[in-house]
Amino acid sequence: MEKKKYLLNESDLPKSWYNINADIPVEPKPVLHPETLEPVTPDFLSQIFPMGLIEQEVSTDRYIPIPDQVREIYKLWRPTPLVRARQLELALGTPAHIYFKNESVSPSGSHKPNTAVPQAFYNKVEGVDSLTTETGAGQWGSALCMAGSFFDINVEVYMVKVSYSQKPYRRLMMESFGGEVYSSPSDRTAYGRAVLAEVPDTPGTLGMAISEAVEAAVTSEGKKKYSLGSVLNHVLTHQSVIGEETLKQMDLAGEYPDVVIGCVGGGSNFGGIAYPFLRENLLDGQKTRLLAVEPAATPSLTRGAYAFDYGDTARMAPVLKMCTLGHTFVPAPLHAGGLRYHGMSASISALYKEGYIEAVAVPQLGTFEAGLLFSRTEGIIPAPETAHAVRVAIDEALEAKELGEERVIVFNLSGHGYFDLAAYQEYLGGALQNYKHPQQAIDEALKHLPKVAV
Ligand SMILES: Cc1ncc(COP(=O)(O)O)c(C=O)c1O
């Protein structure tokens with residue numbers, strides 16, 4: 001019998017997160033205050049985040065211990081399985097070995113609880129009783145609402161308008177966990193009201209929803225803070241449990257990846273699986289290729305500028321040096337809502353620019369085609385975001401077939417698509433189209449980047 005699943009015990013659950021700041025071979029760039037454009041102070045950040053997370057954001061410790069309370073909750077679904085996709089390999093007729101790390105087995109269906117749980121925990125420790133956040137596809141909002149319910153924290157979610165109407169069951173899931181969900185832009189914030197007055201029929205963007213959630217936190221009285229599901233270093237650090245487990249599981253499989261693949265919105269599931277392998281490349285001489293996949297409609301790595309930019313549309317969030325399409329970017333209403341962000345994690349941007357990781361942009365139709373082939377061979381319908389990683393894993397396997405190579409491919413199955421079936425329905429009905437972000441729109445948006453001296 002051929003082995004399919006590589007499973008770890010609860011006792012194998014990582015005891016520490018891996019922090020890329022310790023080993024990143026590129027000069028760190030300062031995080032700037034959105035008004036002064038000077039380096040931020042902990043005072044400013046502490047209006048938004050608890051100190052426990054701010055410390056992790058700037059820490060250069062290689063390993064950060066995972067609190068016992070967080071490990072106990074991780075055990076509900078971790079360690080997650082690493083699966084050899086043998087039926088997909090057969091269907092492709094490829095000599096490549098394809099493995100996927102199945103993060104879709106978390107209770108809310110994606111990798112997002114890996115950071116939602118510790119974020120709720122560190123907020124609770126500091127007496128925070130309410131969190132605000134944004135969500136695109138609803139995976140992040142669901143994860144934070146679940147974590148909030150574990151720690152008795154109220155969660156207020158600003159859900160990008162186009163997803164709010166595309167994904168009613170995600171909203172209901174958030175409400176089932178006790179969360180409050182608002183279509184963004186909403187009339188609950190000054191920023192939301194201003195956008196609605198100017199463009200009443202806007203589809204909304206992640207950048208706008210972040211602005212509303214930040215405003216709701218900083219203008220509140222009482223113990224309300226903001227929580228971000230991607231982009232920042234502490235988020236990628238929490239996600240490193242994915243890669244740490246995968247390293248152990250590849251050991252069980254007796255193989256080592258030639259290429260590790262993940263889709264990128266703000267970069268957290270890709271950083272989560274890829275950074276422990278990058279550490280092995282940097283410190284142990286391994287040569288694994290690390291490949292980030294983005295939509296052709298939101299090509300921040302492959303076509304954006306590498307520049308300082310605001311994290312949100314209303315210019316309230318910190319300014320980071322990153323690959324960006326400009327904070328005023330309004331993406332096409334593609335179904336991979338979690339990939340419709342204008343920017344990218346600072347470390348992924350820097351590592352891409354310096355050649356430590358690769359990136360590719362793929363059009364939407366091919367991702368649904370790949371998602372369906374994966375469903376029909378491996379039985380899991382991937383989230384539209386995840387289908388981007390599936391697409392490129394398949395492309396790598398087909399290339400290996402052409403070259404007659406036994407390439408070892410690992411990809412992160414960041415989430416399932418059971419709440420995204422309307423997207424598959426549209427694809428199956430021939431109603432979806434490809435979007436390529438026009439160069440003119442990029443050039444226009446990049447005119448609004450902040451003018452930074454550093
Ligand atoms: C299933 C899934 N995969 C990937 C992403 C992209 O986010 P990130 O780049 O932070 O992993 C999202 C974001 O919502 C998601 O829901």
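The dialogue below takes up these topics in turn.

Author: This is a predicted model, in which local features need pLDDT of at least 70, side-chain atom pairs count only at pLDDT 80 or more, and totals for chains, interfaces and linings use all residues. Residues are numbered from 1 along each chain as its sequence is written.

Reader: In what order do the seven strands of the open sheet lie?

Author: Strands of a sheet pair through backbone hydrogen bonds, either parallel or antiparallel. Strands here are DSSP runs (E, at least two residues; helices are H or I, at least four), numbered from the N terminus, and two strands pair if DSSP finds at least two bridges between them. The order is S1-S4-S5-S15-S10-S11-S14, with mixed pairing. Strand S1 (5–6) and strand S14 (358–362) are at the edges with a single partner strand each, so one side of each has no neighbour in the sheet.

Reader: Which strands does H12 lie across?

Author: Contact is judged by C-beta atoms, placed from the backbone, within 7 Å. Axes are lines fitted to C-alpha atoms, for helices over the stretch in contact, and angles run from 0 to 180 degrees between N-to-C directions. H12 lies across strand S5 (97–102), strand S10 (259–263), strand S11 (289–295) and strand S15 (408–413), at about 160° to S10. H16 also packs on the sheet, where it touches S5, S10, S11, S14 and S15 and makes about 150° with the direction of S10.

Reader: How is a pair of packed helices described?

Author: Two packed helices are described by the angle between their axes and the distance between the axes. For helix H9 (residues 190–198) and helix H10 (residues 206–218), the angle is about 145° and the axes are 8 Å apart. Ala190, Tyr191, Gly192 and Val195 of H9 meet Met208, Ser211, Glu212 and Glu215 of H10. Asp201 lies in the loop between H9 and H10, and counts as exposed because it has 6 C-beta neighbours inside 10 Å.

Reader: Which residues of the largest nonpolar core touch the most other members?

Author: A nonpolar core is a set of buried Ala, Val, Leu, Ile, Met, Phe, Trp, Tyr and Cys residues joined through C-beta atoms within 7 Å. Of its 128 residues, Ile261, Ala393 and Ile409 touch the most other members. Beyond neighbours within four places in sequence, the contacts of Ile409 include Ile98, Val259, Ile261 and Ala393.

Reader: Which residues come nearest to the ligand?

Author: A residue is near a molecule if its C-beta atom, placed from the backbone, lies within 6 Å of it. Of the 20 residues around the ligand, Gln139, Ser230, Gly265, Gly338 and Gly415 come nearest. Helix H6 (139–151), helix H12 (268–284) and helix H16 (384–403) each supply at least two residues of this shell.

Conventions: Two residues are in contact if their C-beta atoms, placed from the backbone, lie within 7 Å. A residue is buried if 20 or more other C-beta atoms lie within 10 Å of its own, exposed if 12 or fewer, and partly exposed in between; C-beta atoms are placed from the backbone.
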